[in-house]
Amino acid sequence: MPPLFSGDVPRDPKRVVVLDGRVDLEFAMMMDYPIVGSGNFWFPDAKAGFQFPGRTIEDASFVNVAGDFSTNFEALLALEPDLIVITAIGYTSDWYGTERLSSIAPLLVVGDDVEPIAGHPVDWRGALMAQASQLDRVTIAEASIAEYDDKLARLRPMLQEKLGGKKIVFGVQTPTGFLVHQRNLRISVALDAGLDVLFRDDDNAENSFELSFEQLDTLAPADVIIAQARDQEALDAIKSQPTWQRLPAVQAGNVLTSDARYNQGFALTAAIFLDVLEEAAGRITTGQ
């Protein structure tokens with residue numbers, strides 16, 4: 001578990017609520033917990049778990065207001081949880097009212113990020129296995145990792161053929177520029193596939209740096225840009241900039257716009273991001 005958390009949790013909970021709906025939801029899914037409620041901060045118009053194909057939780061209720069970290073305690077109490085799963089950052093930042101939450105049910109604090117190891121800016125495997133071991137659910141975690149590894153083995157030759165040797169940039173298109181990702185799960189997956197990530201920095205605690213519209217020429221060495229648009233306004237704003245339009249990757253049509261599902265997570269998210277890389281491999285021009 002994250003080093004700042006210790007506590008007792010039920011071995012086999014019957015009614016589990018997660019409070020963010022990404023990392024905590026994925027972890028609870030992989031632990032095979034019965035999930036009755038979820039936060040929905042990131043995807044207000046979708047059902048819980050929709051971002052994990054085939055795993056949508058049709059009958060899970062929401063316990064916060066979309067776009068707001070505040071917990072709807074009335075909704076939470078009505079679900080009668082015997083375990084509440086919360087992200088490490090949500091816990092340490094007290095986004096959801098930790099003291100009151102802990103009076104309702106035991107808390108399980110989970111995180112997908114531990115100290116970087118060689119070749120893995122974010123060691124989601126290590127984080128998953130360490131936490132699953134403490135919960136005596138290693139077999140379940142190993143099965144999820146094996147599914148990812150199988151998919152990686154199947155797609156890696158094609159990704160190497162199409163994207164190998166190309167410089168890839170990951171980031172977010174913002175209303176004022178471009179946030180370059182240097183250290184997150186997407187980069188770890190790309191490295192698993194043997195790809196070359198431009199601006200990677202395993203030691204940057206901030207995980208990214210921001211470029212203004214005037215500084216977008218910094219991205220000129222990139223052959224491929226895989227970006228997330230913060231919203232349509234941000235996407236429209238950057239597309240109108242001459243500095244963006246002049247980038248070789250933009251002129252070649254080698255820009256893929258994704259969303260924010262895949263920055264954090266474990267084996268399920270990593271496997272989904274392989275699909276994004278597969279799409280990028282199928283769409284980019286080779287320049288040959």
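Trainee: How do the axes of helix α7 and α11 sit relative to each other?
Mentor: This is a predicted model, to be clear. In it, the axes of α7 (residues 185–192) and α11 come within 10 Å and cross at roughly 65°. That makes α7 roughly perpendicular to α11, because angles from 65 to 115 degrees get that label.

Trainee: And is the crossing left-handed or right-handed where α7 passes α11?
Mentor: Right-handed.

Trainee: Which residues in α7 and α11 meet there?
Mentor: From α7 you have Leu 185, Arg 186, Val 189 and Ala 190. On the α11 side they meet Thr 269, Ala 270, Phe 273, Leu 274 and Leu 277.

Trainee: OK, what about α6 and α11, at what angle do their axes cross?
Mentor: Roughly 15°, with the axes of α6 (residues 138–163) and α11 coming within 10 Å. Anything under 35 degrees counts as roughly parallel, so α6 and α11 are roughly parallel to each other. The crossing of α6 and α11 is left-handed.

Trainee: Which α6 residues meet α11?
Mentor: Among them are Ile 145, Tyr 148, Leu 152, Leu 155 and Leu 159, plus Lys 151 and Lys 162. Their partners in α11 include Ala 270, Leu 274, Leu 277 and Ala 281, along with Asp 275 and Glu 278.

Trainee: Switching to the cores. How many residues does the largest nonpolar core have?
Mentor: It has 58 residues. Met 31, Tyr 148, Phe 170, Ile 226 and Leu 277 have the most contacts inside that core. Helix α11, residues 267–283, gives the most to this core, with 11 residues.

Trainee: What else lies apart from it?
Mentor: There's another core, of 16 residues, and Ala 222, Ala 227, Trp 244 and Ala 249 are among them. As background, nonpolar side chains tend to be buried together in soluble globular proteins.

Trainee: Back to Phe 170. What does Phe 170 touch?
Mentor: Leaving aside residues up to four places away in sequence, Phe 170 touches Phe 178, Leu 179, Val 180, His 181, Arg 186, Ile 187, Ala 190, Val 197, Ile 226, Phe 273 and Leu 277.

Trainee: Val 197 is on that list. Where does Val 197 lie, and is Val 197 buried or exposed?
Mentor: Val 197 lies in strand β8, residues 196–197. Its relative accessible area is 8%, and the cut-off for buried is under 20%, so Val 197 is buried. Not counting residues up to four places away in sequence, Val 197 touches Ile 168, Phe 170, Ile 187, Ala 190 and Leu 191.

Trainee: Which residue is the bridge partner of Ile 168 in β8?
Mentor: That's Val 197. Two bridges join β6 to β8, and the strands run parallel.

Trainee: How many residues of β6 are buried?
Mentor: Seven of its eight, so strand β6 (residues 167–174) is mostly covered.

Trainee: How many bridges join β6 to β10, and how many join β6 to β7?
Mentor: Six bridges join β6 to β10 (residues 224–229), running parallel. In β10, Ile 225 is the bridge partner of Val 169. Four bridges join β6 to β7 (residues 177–181), and that pair runs antiparallel. Gln 173 stands opposite Phe 178 in β7. The two strands β6 and β7 form a hairpin with two residues between them.

Trainee: New topic: in what order do the five strands of the open sheet come?
Mentor: The order is β3-β2-β1-β4-β5, with parallel pairing. The edge strands are β3 (61–62) and β5 (107–110), each pairing on one side only.

Trainee: How many bridges join β1 to β2?
Mentor: Three, between β1 (residues 16–18) and β2 (residues 35–38), which run parallel. Val 18 stands opposite Ser 38 in β2.

Trainee: Now Thr 98. Where is Thr 98 found, and what does Thr 98 touch?
Mentor: Thr 98 is found in helix α4, residues 98–104. With residues up to four places away in sequence not counted, Thr 98 touches Tyr 91 and Leu 107. Thr 98 counts as buried because its relative accessibility is 13%.

Note on methods:
Residues numbered from 1 in each chain as written. Predicted model: local features only at pLDDT ≥ 70, side-chain atom pairs only at ≥ 80, totals over all residues. Heavy atoms only, no water. Core = buried A, V, L, I, M, F, W, Y, C linked by side-chain atoms within 4.5 Å. Buried < 20%, exposed > 50% of the residue type's maximum accessible area, 1.4 Å probe, protein only. Contact = heavy atoms within 4.5 Å. Pairing = 2+ DSSP bridges. Axes fitted to C-alpha atoms, helices over the stretch in contact; angles between N-to-C directions. Parallel < 35°, antiparallel > 145°, perpendicular 65-115°, else oblique. Left-handed = near helix turned anticlockwise from the far one by under 90°.
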